Amino acid sequence: MNAIQRTLSALLLLAPLTACATDRQVIEQANDAHHELEPAVLKDPELAGYLQSMGDRIVGEAKKLSDARFGPKSHFDEDPAWMFSNSQFHFVNSETLNAFTTGGSHMYIYTQLLQQCRSEDELAAVMAHEYAHVYARHVRKGMDRQYVAMGGALAAGVLGYTLADDNKLEVAGLAAVGAGMLGSFLNQGFTRDDEAEADSLGFEFYARAGWDPARFGDFFQAMIDLGYDTTPEMMSDHPTLASRVVAARAAAAKLPADAKSWRKPAVAEGPKFKAMQSRAAQIAKSLPKDQTMETAQTLLNAVGNCLMPTDQPQQIEARTKVEKALGN
Ligand SMILES: [Zn+2]
C-alpha cells in the first residue's frame, strides 16, 4: 500500500466510526504535505530566521493567551501544548497571492505575497491570521465536516480509484503527490466564519506581539486598492476584503488603554524589510525548476484561498489538474 492508499484507508475506517479528527491526524497529514511542498521552500537561513523571529513573537503571545484560557472552544478540545513548541513559518516560491496552513506545525507564506507587503506589519498580520487557523483547529474542523459529508460511500469511491488506477497522478505530472497533500486538497477551504475568527484571533496575537494595531487591515486594503474585492460576500466562502478592513479597525478601536505598551520595533524596519523582499525574490529565482518544484507549485496553487475572496486563474487551473488526476 502506498502513502495515498494508507491515508484513504484510514479515512475510510474513520468515517463510519467517528466524525472527529484528532490533532495527531492533522499533524501527520501536515507533515506529509510538507514533504511535497518542501522543494518550493526558501531554505535561506537569513530569510528563514527572519520569518521564525516574527513567528516566535506571534506564537509567544498566543501561548500567554491560551494559558489565560482565551479563544474559542475548539482551541481547548485537546491539549494545545504542541502548537507552542514547533510552529514553523516558511516562505514558498510561488507567484500566487496566498498564504495557508495545513493545520499542524507548518504555515506557508507565498513569495508573491511577501512582495506585495508594503511593511512588516502587513506580513505579520497575514502570519498571525494563518497561525490563528491552527490555534482554532480550523483544519481539523474541516476534516470533521468532510467525514460527515463524505460518509462511507465517497471514501470508498476514492479508495477504489487509487487501488484501481494509481497511475493517473503520474499521467498528470503529479506523481510525487503524497497522502498528506491529497488529504489537504480534499479538505481545502475554511468557512467564512473560520476566516473571520482567524482575523479576530490573529489580531489579538499581532497587537500583543508589538506590531501596529492600526495597520492590521492594511494588507486587505492594499488588495482592495488592486481591485481584488469584486465578488459579493454571498458568492464567496470568504468575508469581503472590505468587511475585514472594517473588522480590523473596530478591533483596534476596542483595545485597552495599556495596549500602547505592547508596541515593539519591527524585526526588520523599512529598508531592512525591503532587503528581505529583494533577497527572497533573488533566491526564489535561483531555485531549480524541476519536476519536484513543479509539483510543489501546482499543489500550492491547488490549496484553498486563505486571504482573497476570489481565485486567481492559476489556482483554478491547478485545482482542475489535481481533480483530473484524482479522477473526479
Ligand atoms: Zn485564512
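**Exercise 1.** How many residues has helix α14, and what distance does α14 reach from its first C-alpha to its last?

*Solution.* Start with the model. This is a predicted model: local features need pLDDT of at least 70, side-chain atom pairs count only at pLDDT 80 or more, and totals for chains, interfaces and linings use all residues. Residues are numbered from 1 along each chain as its sequence is written. Helices (H or I, at least four residues) and strands (E, at least two) are DSSP runs, numbered from the N terminus. Helix α14 covers residues 313-325, which is 13 residues. Its span is 19 Å, close to the expected 18 Å; the expected span is 1.5 Å times one less than the number of residues.

**Exercise 2.** Find the buried residues of α14 and say where they lie.

*Solution.* Apply the cut-offs: buried means 20 or more other C-beta atoms within 10 Å of a residue's own, exposed 12 or fewer, partly exposed in between, with C-beta atoms placed from the backbone. Q315, A318, V322 and A325 are buried. Seen down the axis, they fall within an arc of 90°, so they line one face of α14. The arc is taken from the directions from the helix axis to the C-beta atoms. Exposed P313 and T320 sit on the face turned away.
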